[in-house]
Amino acid sequence: MSTTIMYGNTLAKKMSAELKKEVEQLHDVDIYPTLTVLIIGDNPASKTYVRMKQKACEKIGIQSNVVELQDDISESELLGKINQLNQDPTVHGILVQLPLPQHINEKKVLEYIHPQKDVDGFHPINVGRLAIGHDALIPCTPIGIIKLLESYNVDIQGKHAVIIGRSNIVGKPIGQLLLNQNATVTYTHSKTNNLSHMTRQADILIVAVGKAQFISEDDIKEGAVIVDVGNTFLENGKVVGDVDFESVKEKANKITPVPKGVGPMTITMLLHNTIKAARNTV
Ligand code: GUN
């Protein structure tokens with residue numbers, strides 16, 4: 001079977017060029033989309049992600065500010081910083097990079113960000129709006145997956161979408177988005193009995209478990225569309241996804257690679273959300 005590889009990097013590049021034009025149009029009316037990222041401590045992976053986000057912003061003319069905070073910052077001090085940003089009309093998007101140090105309550109912090117500036121789409125107001133199909137800031141990875149499926153003409157309506165993983169960042173919201181587009185959605189997770197039986201029913205399989213090469217060809221249906229959200233660095237320096245790409249590729253109709261698949265879309269959707277937040281302030 002000839003399999004289509006769904007390249008997120010190509011689509012991300014195309015969408016970034018379009019977003020750059022939108023930023024220029026906003027500049028013409030004196031709106032300067034601005035994102036402030038708060039990073040607490042010195043987790044190397046978080047630092048890398050934040051640098052990538054900052055670079056992507058700069059490339060398309062979004063102003064990005066990174067606020068680096070010590071990992072012994074108190075919760076109330078952090079909430080104070082967020083409050084300042086909530087009040088600042090020149091800041092359109094606020095992102096607190098996760099994970100947070102143990103002594104800080106993540107739920108409290110995420111609920112403190114003004115919902116209109118919540119470019120991660122993690123605030124309960126945005127989560128609720130998505131759940132009832134209202135306009136919302138939607139988490140970046142799930143919306144990136146939908147854009148990627150759309151650009152490769154994947155039919156969603158009536159299809160059985162199976163999701164592995166129930167995180168608030170990916171699993172739950174991608175299920176909501178697929179349901180809103182009339183898919184039949186099954187959520188599976190680490191406690192699901194006979195997982196492989198479930199995944200073999202999927203027309204569209206979204207894999208977001210964080211376990212390297214967890215899904216093999218025996219776990220999928222012939223002709224399925226496979227979306228791999230995984231991103232694991234192996235000891236040899238290679239990056240792999242949650243799907244054993246080489247074996248699954250032979251059986252799938254369409255599949256995302258790792259790298260160059262979902263990852264680049266996530267960052268591009270952060271730019272999309274920042275522009276959306278800037279527009280909402282008008
Ligand atoms: N850490 C890992 N992924 C994410 C994300 O999407 N947003 C934030 N804020 N932190 C993260």
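# How do you know that?

Modeller: Around the ligand sit Leu95, Val96, Gln97, Leu98, Asp120, Cys140 and Ile169. This is a predicted model, in which local features need pLDDT of at least 70 and side-chain atom pairs count only at pLDDT 80 or more, while totals for chains, interfaces and linings use all residues. Numbering starts from 1 along each chain as its sequence is written.

Biologist: Why are E3 and E4 called edge strands?

Modeller: Two strands pair if DSSP finds at least two bridges between them. The open sheet has three strands in the order E3-E2-E4, with parallel pairing. Strand E3 (63–69) and strand E4 (93–96) each pair on one side only, which makes them the edges. Take E2 (residues 34–40) and E4: they share four bridges in the parallel sense, with Leu38 facing Val96 of E4 as its bridge partner.

Biologist: How do you know that helix H2 packs on that sheet?

Modeller: Helix H2 (residues 44–60) touches E2 and E3. A contact means that the C-beta atoms of two residues, placed from the backbone, lie within 7 Å. The direction of H2 makes about 170° with that of E2. Axes are lines fitted to C-alpha atoms, for helices over the stretch in contact, and angles run from 0 to 180 degrees between N-to-C directions.

Biologist: Which strands make up the six-stranded open sheet?

Modeller: The order is E1-E11-E8-E7-E5-E6, again with parallel pairing. Strand E1 (4–5) and strand E6 (184–188) pair on one side only, so by the rule of at least two bridges they are the edges. E5 (residues 160–164) and E6 run up five bridges, and Val162 stands opposite Thr186 in E6. Helix H7 (residues 171–180) packs here, touching E5, E6 and strand E7 (204–207), and its direction is at about 170° to that of E6.

Biologist: What makes the bond between Leu98 and Pro99 stand out?

Modeller: That peptide bond is cis, with omega about 5°. Most residues other than glycine have a negative phi, and most peptide bonds are trans. Pro99 sits in the loop between E4 and helix H4 (106–112). Val258 and Pro259 are likewise joined by a cis peptide bond, omega about -5°. As for phi, Asp30 has a positive value of about 60° although it is not a glycine, and it lies in the loop between helix H1 (8–28) and E2.

Biologist: How do you know that the protein chain agrees with a compact globule?

Modeller: The radius of gyration is taken over C-alpha atoms, and the globule rule is 2.2 Å times the number of residues to the power 0.38. For 282 residues that rule lands near 19 Å, and the protein chain has 19 Å, so the two agree. Its C-alpha trace spans about 55 × 45 × 40 Å along the principal axes.

Technical notes:
Near = placed C-beta within 6 Å.
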